[in-house]
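Reader: Could you zoom in on one part of this model for me and tell me how it sits in the whole? I'd like cut-offs with every term, please.

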Amino acid sequence: MSAPATLERLGFDPLRLNFTLRTALAACCALLVAWLVGLEHPQWSAMTVWAAAQPVRGQLVEKSFFRALGTIIGSVAGIGLLFAAHGQQWAIVLGLAVWIGLCAGAGNLLRGFASYGAMLAGYSAAMVTLLHSTLAAGPFVVGIDRMLTVLLGVGVALAMGWMFTAPADPDDPARRVRRLTRRILDDLASHLAGTLPPGRGEHQTLLSEMAAIEDALDGHAAGSLRSRATIRAIRRLLTAQVALLLWMRRPPRPACDAALVAAVRQATAAFAADRPQDAEAHLRDAAGLTGSDRMLHDALEGLAEAEATQPNGADGARIGAHDGVVLHRDLIGAREALIRATVTLLAVGAAWLATGWEAGAFMLLGAAIMTSIFSTADNPAQTLKQVMMGQMLGAAGALACRWLVWPHADSAFDLVLAMMPFILLGAFIQAHRRTAGPIGFDYSMVVLLMLQPAWPLAGTLAHSLMLAGAVVLGPAVGLTAFLLIFPVDGRRRQQTLVTMMVHDLQSMAAHPGAARQRAVWRARLYHRVLRLARWADKTGGSREQAMEGGFAVLLLGSAILHMDEALNQSDPAPGTARRLNAALARLRHVGSDPERAARALGVAATRLAADGTGDGDLLREAAAELSQRAAFIRLPGRAVSTAR
């Protein structure tokens, strides 16, 4: 039996084991180099290697960059806090609680590795201020030592990883999106010709695939400015595709001009033949043949403009301006993460100050890491249960090394060498299917956190057990915080997205002239609908409810913009203006009373259609969707009006 087959039979993933063994060897190298140059905590360099390691070169570069940047910012903040506190522990606790809370909030607003760097800046300050140092030269030297320790680990991770990791394939999502474009345009041509009825199940499947592609884009963009430009252009394509899906969900119109159908089919054929410039030209021709249908014109024109920003060839000459990409920012989650981290650290810090527990600093550091870095996890409470298992395993490994192996050492160098088998063991734990993920990773981190190769050996078994308990209490505190303070999981994140989308609708209705920012409002809503679809797939909830509700929000947004445009860019009759203003007034509170808003929208649709000055059908369809999806639109805790 071959070695890979034997490993698989034993429960190991051979490819992952290859990666974790390389990372473990790099961690051993970082530990040795950091010890040789005389850094106070050389094991932190090895921890940094584990934290920075990535299987793809671009991700390795970007994560290493943000880890270094976050460490520098956090170390500077920690040094400043030590100087400002003048040795007062209460001031350190207060300053850390505020700083880490701000960093946790920023991490929930940012995306990708930038988010990681923001949260790392928070607990890097805690590592500077909380952990005991034997350096007598003052806070500045302590901070520089911590900073150099991490930067050395980043350098080793980059050097070792660069030789073995593979570059990403930035064109892969582009190919997937192109295939989606062909499918959507083919459906559009049939829909325009009157031969294909609206297929909501097909639309849900397409939206789900688009959401999966969008969810992975940040990883493909990592480490390359050109890849970032490509991914930004792909997001524009996804936005245009959502707009086309939304238009096709409207009731069929009479068969359109054959020239329009032909132009769409020619664009589809050009995509199939990989002639992007021809496809762009045909899309613009089709947009010019849409007549008075503003929604279809904007969707086709948007697809043409998005295609114009796609790379064309190795030189990337067609990467141009990428306006029109507005991403969802979780303002609600950021606020909750800020409050959760701050309150938790204040509570843990107060308990430490009140009891004077010697290991309280380790518990506070653990709480800082858990309440910040895991605040962006899909289900933090569930993840932290695995983290606790990994940390208990790591604490057991550290105790075994300290009290069973280290007593036989004769020098600090022997201590360093004795740590390496425990580091290598972490590679196998992380590569086993039962312990991969947080369990294996936290074993490696805790083993290194608790083992400082300082000669001669000092301390007692009771002291080591106390430190192990304090380390394990960190995730326990974090778990308690995520269960009690703004509990969060996939379903809660999904509801937060719905809330923010409804707030968008209300804001659009409340701002005269919103149509002038049509591209911004639409792009943000489209991206939030993609995120909503992704969460529906992740949580295993009702895909139909989430996606149909998302499409209803998009249709309502189009109706609001159309009414705003009719009021501000045309000269409606006084009666029509009153009905439109009344509908917008109701839509400003659509989250509390969607039924009343639907009725007002229906009245405005009738008046607009009678005047022949606007798209009354759009308003009527939006009113029907709002009535049907009232439960989805209504915000939790809002009273339902009984007025008629």
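Author: Of the contacts in the protein chain with a separation of 6 or more, 78% are between residues 24 or more positions apart, where contact means heavy atoms within 4.5 Å. Before I go on, the ground rules: this is a predicted model, local features need pLDDT of at least 70, side-chain atom pairs count only at pLDDT 80 or more, and totals for chains, interfaces and linings use all residues. Residues are numbered from 1 along each chain as its sequence is written, and side-chain values use heavy atoms, with hydrogens and water left out.

Now the whole chain, quickly. The C-alpha trace spans about 95 × 60 × 45 Å along its principal axes, and 55% of the 644 residues count as buried. Here buried means under 20% relative accessible area, exposed over 50%, and partly exposed in between, using a 1.4 Å probe and protein chains only.

The part I'd zoom in on is Met-420 and the cysteines. Met-420 belongs to helix H18, residues 412-431, and counts as buried because its relative accessibility is 15%. Leaving out residues up to four places away in sequence, Met-420 touches Cys-28 and Leu-32. For a sense of scale, Met-420 and Ala-573 are 153 residues apart in sequence, and 81 Å separate their C-alpha atoms.

Since Cys-28 has turned up, what about sulfur bonds? A disulfide is a covalent bond between the sulfur atoms of two cysteines. The test here is a pair of cysteine sulfur atoms within 2.5 Å, and by this rule the count comes to 0 disulfides. Take Cys-29: its closest cysteine sulfur is the one in Cys-28, at 7.0 Å, which is too far for a bond. Cys-29 is partly exposed, at 38% relative accessible area. Cys-401 is in no disulfide either, and its nearest cysteine sulfur, again that of Cys-28, is 12 Å away. Cys-401 is buried, with a relative accessible area of 0%.

Arg-531 sits in helix H22, residues 518-539, and is buried at 11% relative accessible area.

Last, some backbone spots to check. Most residues other than glycine have a negative phi, and most peptide bonds are trans. His-86, though, has phi near 55°; this residue lies in the loop between helix H4 (57-85) and helix H5 (89-109) and is exposed at 67%. Asp-274 has a positive phi too, about 60°, in the loop between helix H12 (258-272) and helix H13 (276-288), and at 56% relative accessibility Asp-274 counts as exposed. The peptide bond from Trp-455 to Pro-456 is cis, with omega near 0°, and Pro-456 lies in the loop between helix H19 (438-450) and helix H20 (461-484).

Terms used:
Helix = DSSP H or I, 4+ residues; strand = E, 2+ residues; numbered from the N terminus.
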